Amino acid sequence: MARNAAEARTPAVARNAAVFRSGPVRNGNFETGTGSASSGWIGSINNGWSVGISSGTATASYDNTVSHSGSQSMKYNSTVSGTGSISITAGGTIAGNITDAPKALHVIAGQQYKFSYWLKTDSIVGVGTRMYVWERNATGGAVVEYAVNTEVTGTNDWQYLSKTVTMNANTKWVLFILQSAAMTGTAWFDDISLITARNAVV
Ligand SMILES: [Ca+2]
C-alpha cells in the first residue's frame, strides 16, 4: 500500500515543470488522403489541407513514395519564380475561414506551444520554403504571424525544424502554412506537430 501511495504522488518538480504534451494536428502526418491540386482542397476537405497560389504554378500532392513517418508525405512541386508564393494551409484557406478549422488547431491564449515538422528538399532554387504560423482571434482576425524557420533551399534529406512560442492574449486558433516563395524545386513535408506545455508559467 505504501509503495502504491508513493507512486501515486506526483513529484513537485514534475508538477511545476513545463511538461510538453503532444497534440495532434489533423492529418499532420499526411497518412490520410490521395490526389493532388493546384488550388483548393487537396484530395478532400476531410483530409484537412488546401493549397493556394498567388502567382506562378505549383502542385501539391499526397506522395506515397516518399515519407518521414508511415508511408506518405505532402509533396510540393513549384515552378514559381519572381515574387510568386505558394501556400499549403491546414484547416482553411489562405483567407482564413476559421469555421473550417479542425478542432486540433484550437489553442489557449497565454499558453506556450512548440510547432515542429520535418522537411526534405530537392533542387530548390530561389527564396525557398518554410513553415509559417498565423495566430487568429475568435472571429478569424489576424493577431500575429511568424515563421517557424528561415527559408530552406538546395537538396537536403529529412530535417527537423521547430519553434516555441507563447500564444497572444487574443489568440484562439492557429493556421499552419507550408510556404514557398519565389522558388523552383520540390519540397516534402511530414509530421506537422503542435505540442503544448500545459504547466508552463506564462
Ligand atoms: Ca507521413
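Two strands are paired if DSSP finds at least two bridges between them. Helices (H or I, at least four residues) and strands (E, at least two) are DSSP runs, numbered from the N terminus. The model is predicted: local features need pLDDT of at least 70, side-chain atom pairs count only at pLDDT 80 or more, and totals for chains, interfaces and linings use all residues. Residues are numbered from 1 along each chain as its sequence is written.

Me: What makes strand S8 (residues 112-136) and strand S10 (residues 152-166) a pair?
Reply: Eleven bridges join S8 to S10, and the definition asks for at least two, so the strands pair. They run antiparallel; one of the bridges links Leu119 to Gln159 in S10.

Me: How do you know that S8 also pairs with strand S9 (residues 142-147)?
Reply: Five bridges join S8 and S9, which run antiparallel, and at least two are required, so this is a pair too. Val133 has Tyr146 in S9 as its bridge partner. The two strands form a hairpin with five residues between them, and Gly140 in the turn has a positive phi of about 95°.

Me: Why is Ile42 called buried?
Reply: Ile42 has 24 other C-beta atoms within 10 Å. A residue is buried if 20 or more lie within that distance of its own C-beta, exposed if 12 or fewer, and partly exposed in between, with C-beta atoms placed from the backbone. Ile42 is therefore buried. Ile42 lies in the loop between strand S3 (40-41) and strand S4 (49-53).

Me: What share of the chain is buried?
Reply: Buried residues make up 36% of the 202 residues.
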